[in-house]
Amino acid sequence: MSILEVRQLTKRFGGLAAVNEVSFNVEAGEILSIIGPNGAGKSTLFKLISSFLRATSGEVIYEGENIVSKAPHIVARKGVVRTFQETTIFKEMTALDNVVIAHHLRSRASLAGFYWASRTAKEDEAQFRESAEEILNYLGIGHVGNEIARNLPHGYLRALGMAIGLAAQPKLLLFDEPFAGMNHEETQQAVKQVYGIRDRGLTVLLVEHDMPAVMKISDRIVVLNFGQKIAEGTPTEIQDNEQVIEAYLGREDEEIGL
Amino acid sequence: MQLEATEIHVNYDHVRAVTGVSLSVGEGETVALIGANGAGKTTMLRAITGLTRPDSGEIRYEGHRLDTMAPNDIVRAGIAMVPEGRRVFPYMSVKDNLLIGAFARTDKNGVNATLEMVLGRFPRLKERYSQAAGTMSGGEQQMLVIGRALMAKPKLLLLDEPSLGIAPKLVQDIARSIVAINRDEKVSVLLVEQNSRMALRISHRAYALATGAVALEGASKELLQDDRVKRLYLGGEL
Amino acid sequence: MTEQVIVNGIYSGVQYALIALGLTLIFALMNVLNFAHGQMYVLGAFVTYYVYGVLGLPFWLALVATALTLGIVGVLFEKFLFRPVLRRSSREESSMLLAAGTALLLESLILIVFGEKHRGVPSVVSGVIKIGDAYLPMGRLLVIVLSAILIGGFILFMQYTKPGRALRALAQDREAAQLQGVDVGTYSMIGFAMGAMLAGMAGAMLVAISGVNSGLGTWISIKAFIMVMIGGAGVVSGAIVGGLILGMIESIGYQMLPGGETYLFIFIGLIIFLAIRPHGLMGKPWG
Amino acid sequence: MMKTTTSKLAVLGIALVVVLVILPLIFSGKLYYMGVLTTAMALSIAAAGVWLTFYIGRINIGQGAFALIGGYACAILIMKAEMSFWIAMPLAGVFSAIIGVLIGYPILRLRGVYFAMITLSLTETARLSAQSLSSLTGGAKGIINIPLPGALEIFGFTLIPDFSTIDSHLAFYYLAAVLLIATYAAMYRLVNSRIGWLFRSLQQNEDLASSIGVNIAMLRVIAFAISSFLAGIGGAFFVAVQQSVYPNTFQVQDSVYFMLYCFLGGLGYVFGPIVGTFVLFLSFEGLQGLNEYQPLVYSVLMIALMLWLPNGLLSLGEGRRDKAARSAASAKDANVADSDAKAKG
């Protein structure tokens with residue numbers, strides 16, 4: 001069953017179509033990657049789906065409901081949560097507090113309840129903390145929970161970003177370049193974490209340019225170039241697609257010599 | 001060697017962008033730096049132009065240390081860079097964009113001669129001479145930033161992804177201009193490209209980066225036939 | 001009647017445009033909101049008052065002295081105050097506090113040196129001309145002409161000289177400008193000095209018409225902020241349009257409304273306007 | 001690390017209470033000093049509001065407007081509606097808060113200097129409104145001869161005696177102290193509750209906050225409403241002490257000062273605004289002897305502080321090493337952030 005259907009999604013900046021009538025489906029429980037050369041429109045598409053940009057036209061249907069261009073916090077409430085690249089965390093909080101605050105959507109107490117520390121609020125807080133610790137441990141960064149986030153090394157920040165996303169209890173988690181700037185071992189680690197997240201019952205959509213990682217992790221891949229979808233399929237299909245190869249490596253038939 | 005970078009390491013805000021890259025460009029050479037997005041290519045160029053300070057390593061240009069100089073002095077030393085994403089000055093005319101390229105020069109006649117040369121090389125810029133740069137098409141803007149860099153009369157030209165977001169037909173035009181510039185103006189070129197087929201076709205030597213380190217290096221002709229380049233981009237074992 | 005309103009509007013508008021230009025220049029180059037702009041204006045007025053009114057030297061010499069003084073003030077402020085703070089702190093608040101501090105510093109210095117009294121100078125030119133039904137004293141005409149020359153000169157400088165191009169490039173894309181060999185430090189200083197000069201020159205014109213007192217600064221800064229909000233911060237055309245619009249609205253308001261209500265309506269209109277167009281009429285980086 | 005700072009601040013709070021109780025004993029009979037202290041406390045209440053808007057990442061230079069609104073609301077309720085001060089003051093706060101919500105909702109979308117500029121002009125707007133709406137506000141002549149607060153009685157039991165029957169200076173002093181302590185206790189609780197964490201999340205990254213489902217627009221308005229409420233209370237109190245209110249009672253200069261108080265104390269500390277207000281306001285008063293040189297000395301001090309203590313007075317208490325690390329980190333961040341921003345633009 002499709003958890004998300006992207007239909008004819010378009011975003012124009014001035015006259016330029018950064019994303020042009022892109023359509024695809026995301027099936028529940030799969031890991032789908034959006035790839036494409038630099039400037040292909042990946043991150044614009046990503047922001048459109050997570051509602052951080054208003055679409056010019058088109059629809060994003062999530063569980064049968066059109067969520068396109070709704071406020072980001074409303075989309076998050078429905079279960080579509082995005083992560084950011086590693087520098088987007090609450091820098092001046094501890095790692096644990098980052099994740100505790102990210103449980104916001106699970107609050108049962110009202111703001112006033114939190115202010116007066118009502119019983120529900122206390123229960124919420126305790127539960128958030130417990131759950132945050134569980135998530136940090138699950139992602140293997142429990143031991144740095146009390147460090148101020150800005151002091152954490154890069155690989156940990158990435159995991160922290162995932163933890164923040166998980167804490168919001170999404171059904172569909174959107175990853176913004178989860179493997180950027182990582183070395184081989186870190187990437188291996190992060191790939192395992194993404195698998196783990198899928199195993200928790202989530203659907204994962206990611207935008208990424210680390211090809212080896214994408215090929216390894218994805219069930220299916222959507223390829224963009226110049227704002228348009230040029231291919232869709234399994235990693236092996238994508239690797240052998242001449243249009244994709246051309247998009248990345250350039251054309252073979254050009255005759256420019258020295 | 002005209003430019004020699006040794007064991008460069010750069011971290012941004014905890015992110016390791018480049019880990020121990022060494023590369024060199026000889027006089028009159030065109031060297032390509034290829035690799036997938038995020039491999040560290042742009043960071044290397046930023047380190048050479050002084051926009052980003054390397055955490056360790058040494059960059060020498062004609063014998064002088066570059067890694068302690070300010071960006072504006074590096075330009076004066078003869079290195080011009082075409083930054084990624086066609087960074088024209090959008091509200092300035094084509095003419096002013098070109099003239100600012102010669103900012104570091106004091107030889108007025110020489111500047112006029114270079115201007116003639118650039119306009120001869122890119123006739124489109126002449127047609128759009130007093131138009132605001134931000135209103136031009138991507139391909140035209142790319143020509144403009146290359147022309148702007150040439151206005152500095154550099155001995156070494158650094159190009160960051162000139163084919164990025166440019167329609168395939170125009171990519172060939174730009175590739176041809178790079179070849180011509182290298183040949184006619186006696187400018188060495190360090191070309192950063194994702195479009196590896198184009199880059200390998202027009203360069204003498206190439207380095208392929210992957211996750212911040214040199215994965216392959218060699219003569220461009222040989223790398224063009226090398227299947228490992230494709231795997232570098234689309235995954236699989238090297 | 002309407003002709004008089006238009007003439008008055010133009011008279012205020014060109015002066016305002018001059019004030020807003022200086023503010024927007026500093027903002028575009030350094031992302032600093034120069035709270036001391038109004039005080040720089042007042043300082044300029046006092047320099048002119050002193051050189052022309054007290055020493056009795058020619059008016060043009062007073063203008064030159066004003067430009068030089070304010071230029072030096074601008075250089076000192078940029079080099080010793082704003083640059084160190086901007087380099088060290090990434091918080092926007094720091095530069096703002098510093099700007100507020102410099103405003104207070106200038107205001108108190110002006111108060112100490114020139115006192116609280118309202119100061120006037122002899123007219124530079126005399127006579128009145130009649131345009132249609134409107135009367136325009138020659139002194140005001142001189143201000144209009146001089147302001148227009150300064151604005152025109154500023155635009156020509158920015159458009160056609162090498163330093164002007166460097167300043168525009170710096171404002172549009174700091175990093176790309178560096179790659180052309182523009183020295184960010186030097187040109188930020190030049191820009192700051194020019195912004196201060198523009199404020200000072202506007203003040204110098206004012207003193208020739210209505211005199212000056214040390215308490216005017218804050219109100220001038222607020223007016224400059226309004227103009228920049230109308231036109232869009234950091235945009236030359238925005239500053240000019242914002243200045244002219246404010247001058248015209250003010251003139252119409254003073255004609256139709258009693259006392260301070262003109263500005264009350266201007267402020268309310270501004271809030272509604274900004275709710276619709278948060279970055280002003282031409283809000284884009286530097287044009 | 002969080003814990004030790006918290007307990008340190010709690011100690012500071014208790015010390016404050018003690019000092020506030022003891023001070024009048026020292027200054028008894030010296031009306032001038034009592035007046036200065038009372039005013040400083042009233043200003044601290046309004047400054048707490050400004051601090052809160054900084055806490056959500058907005059530079060607020062409009063607090064004078066809301067203090068003026070509160071002051072007039074209180075005066076009008078007492079004089080025209082013949083209300084008791086004890087009802088008029090909280091209503092004045094609520095009225096300011098309502099205005100804060102109405103104005104805040106559209107303008108809180110703006111950030112940085114844009115928000116700062118518009119709030120700065122709010123103060124002028126308030127002053128001009130007070131001048132123009134003369135049927136209600138008395139115009140430039142203001143509202144004068146406002147009676148002192150009457151007795152506060154509940155079920156015939158006198159909680160607070162009529163101020164005109166007692167030493168009103170001392171009475172105002174203690175009222176200010178109570179309000180100050182209540183304000184900062186409430187703020188302390190707010191900042192250390194989940195709401196404070198949500199505010200902090202806004203300050204640090206609004207995008208990330210909305211991605212985890214936080215309704216950022218609503219929270220911003222809540223913070224601004226609290227800020228305006230505190231300004232209204234502070235303004236109402238000040239007017240009651242002065243027994244008069246004029247359009248100039250709070251002007252642009254005051255709005256700028258409120259901002260400075262917060263900076264000076266330190267934006268990272270709940271009690272920053274008290275420290276900043278007391279140090280600046282008392283030294284301002286102390287410099288009276290210098291006559292016209294007073295503002296000069298004051299501004300030089302301010303600039304010097306900005307150059308050498310950018311994180312406020314309370315940052316002096318932090319370990320030197322931690323501070324060095326922080327400034328080094330922020331310097332590098334600034335470079336990277338700058339180039340990042342430009343690279344994306």
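Q: What ground rules apply?
A: This is a predicted model: local features need pLDDT of at least 70 and side-chain atom pairs pLDDT 80 or more, while totals for chains, interfaces and linings use all residues. Residues are numbered from 1 along each chain as its sequence is written, chains are lettered from A and ligands numbered from 1 in the order in which they are written, and side-chain values use heavy atoms, leaving out hydrogens and water.

Q: How many helices and strands are there in chain C?
A: Helices (H or I, at least four residues) and strands (E, at least two) are DSSP runs, numbered from the N terminus. Chain C has eleven helices and two strands. Its pattern along the sequence is α-α-α-α-β-β-α-α-α-α-α-α-α. The radius of gyration of chain C is 19 Å, close to the 19 Å of the globule rule for 287 residues, so chain C is as compact as a globular protein of that length. That radius is taken over C-alpha atoms, and the rule is 2.2 Å times the number of residues to the power 0.38.

Q: How do the two strands of chain C pair?
A: Two strands pair if DSSP finds at least two bridges between them. Here four bridges join E1 (residues 128-131) to E2 (residues 134-137) of chain C, running antiparallel. C:Ile129 stands opposite C:Leu136. The two strands, E1(C) and E2(C), form a hairpin with two residues between them. C:Gly132 in the turn has a positive phi of about 60°.

Q: Is C:Ile110 buried or exposed?
A: Buried means under 20% relative accessible area, exposed over 50%, partly exposed in between (1.4 Å probe, protein chains only). C:Ile110 counts as buried because its relative accessibility is 2%. C:Ile110 sits in helix H4 (residues 92-114) of chain C. Across chain C, buried residues make up 58% of the 287 residues.

Q: Which residues does C:Ile110 touch, not counting those up to four places away in sequence?
A: A contact means heavy atoms within 4.5 Å. C:Ile110 touches C:Gln39, C:Val42, C:Leu43, C:Phe46, C:Gly115 and C:Ser214. As for distance, C:Ile110 and C:Leu150 are 40 residues apart in sequence and 25 Å apart in space, C-alpha to C-alpha. Among contacts in chain C between residues at least 6 apart in sequence, 77% join residues at least 24 apart.

Q: What is the strand order of the open sheet in chain A?
A: The order is E2-E1-E4-E5, with antiparallel pairing. The edge strands of chain A are E2 (16-27) and E5 (65-66), each pairing on one side only. E4 (residues 57-62) of chain A pairs with E5(A) over two bridges. A:Tyr62 has A:Glu65 as its bridge partner there. Chain A comes to ten helices and ten strands.
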